[in-house]
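Keep the viewer open while you read.

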Amino acid sequence: MGELAVTVTSQPDAAELAQIGDNLASFNESDVGPAGRQAIAVLVHAEGALVAGLSGYTAWGWLYVQWLWIAEAQRGQGLAGRMLAEAEAEARRRGCHGAYIDTFNPQALRAYQKAGYTVFGTLADFPPGRSRSFLSKPLT
């Protein structure tokens with residue numbers, strides 16, 4: 001195989017990143033079965049402009065909410081809960097039995113807990129001065 005060359009970069013090649021992802025997905029599929037990964041998004045518009053959104057995916061029977069954003073003017077109106085409910089309903093239609101999300105924002109943490117999510121782990125000082133909370137919710 002020859003000598004190995006290890007490179008650290010902040011600007012990885014897109015094709016190499018795709019190769020890493022494809023190879024890991026292939027390994028995981030052979031190890032635990034197909035993920036059935038599908039993207040999911042919930043979009044909220046007002047007068048044609050995007051004012052809130054949720055993005056993530058479903059895989060292996062779980063909904064993962066990667067991003068949830070609400071414009072400043074729309075906050076405090078229950079949109080987080082509404083978007084989560086829409087994503088959870090779609091995840092159930094896809095056969096999912098659970099959902100998970102993470103945050104280091106105290107307001108978001110309260111909103112997720114209000115929506116029925118419970119903390120199953122935390123990382124202190126991520127970012128410094130905050131804790132990142134990992135939450136889950138059964139969908140069955």
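Where is Trp69 found? Start there, and bear in mind that this is a predicted model.

1. Trp69 lies in strand 3, which covers residues 62-70. With a relative accessibility of 39%, Trp69 counts as partly exposed. Together with Leu43 and Leu50, Trp69 makes a nonpolar surface patch of about 310 Å².

2. Now hop over to helix 1, residues 14-32, where you'll find Val32. Val32 is exposed, at 54% relative accessible area. Have a look at Trp60 too: 28 residues separate Val32 and Trp60 along the chain, and their C-alpha atoms are 9.1 Å apart.

3. On to charges. Searching the whole structure turns up five salt bridges. One of them pairs Glu72 with Arg75, with 2.8 Å between the closest N and O atoms. Glu72 is exposed at 61% relative accessibility, while Arg75 is partly exposed at 44%.

4. Arg93 forms a salt bridge with Glu90, the closest N and O atoms being 3.0 Å apart. Both sit in helix 2 (residues 79-93), and because they are three residues apart there, about one helical turn separates them. Arg93 is exposed, with a relative accessible area of 61%, whereas Glu90 is partly exposed at 24%.

5. Glu90 also forms a salt bridge with Arg94, again with the closest N and O atoms 3.0 Å apart. Arg94 counts as partly exposed, at 27% relative accessibility. Through salt bridges with shared partners, Glu90, Arg93 and Arg94 are joined into one network.

Methods: Residues are numbered from 1 along each chain as its sequence is written. This is a predicted model: local features need pLDDT of at least 70, side-chain atom pairs count only at pLDDT 80 or more; totals for chains, interfaces and linings use all residues. Side-chain values use heavy atoms; hydrogens and water are left out. Helices (H or I, at least four residues) and strands (E, at least two) are DSSP runs, numbered from the N terminus. Buried means under 20% relative accessible area, exposed over 50%, partly exposed in between (1.4 Å probe, protein chains only). Patches are made of residues with over 30% relative accessible area and no salt bridge: like charges are joined within 9 Å, nonpolar side chains (Val, Leu, Ile, Met, Phe, Trp, Tyr) within 5 Å. Accessible areas come from the Shrake-Rupley method with a 1.4 Å probe; for residues, only the protein chains shown count as cover. A salt bridge is a side-chain nitrogen of Lys or Arg within 4 Å of a carboxyl oxygen of Asp or Glu.
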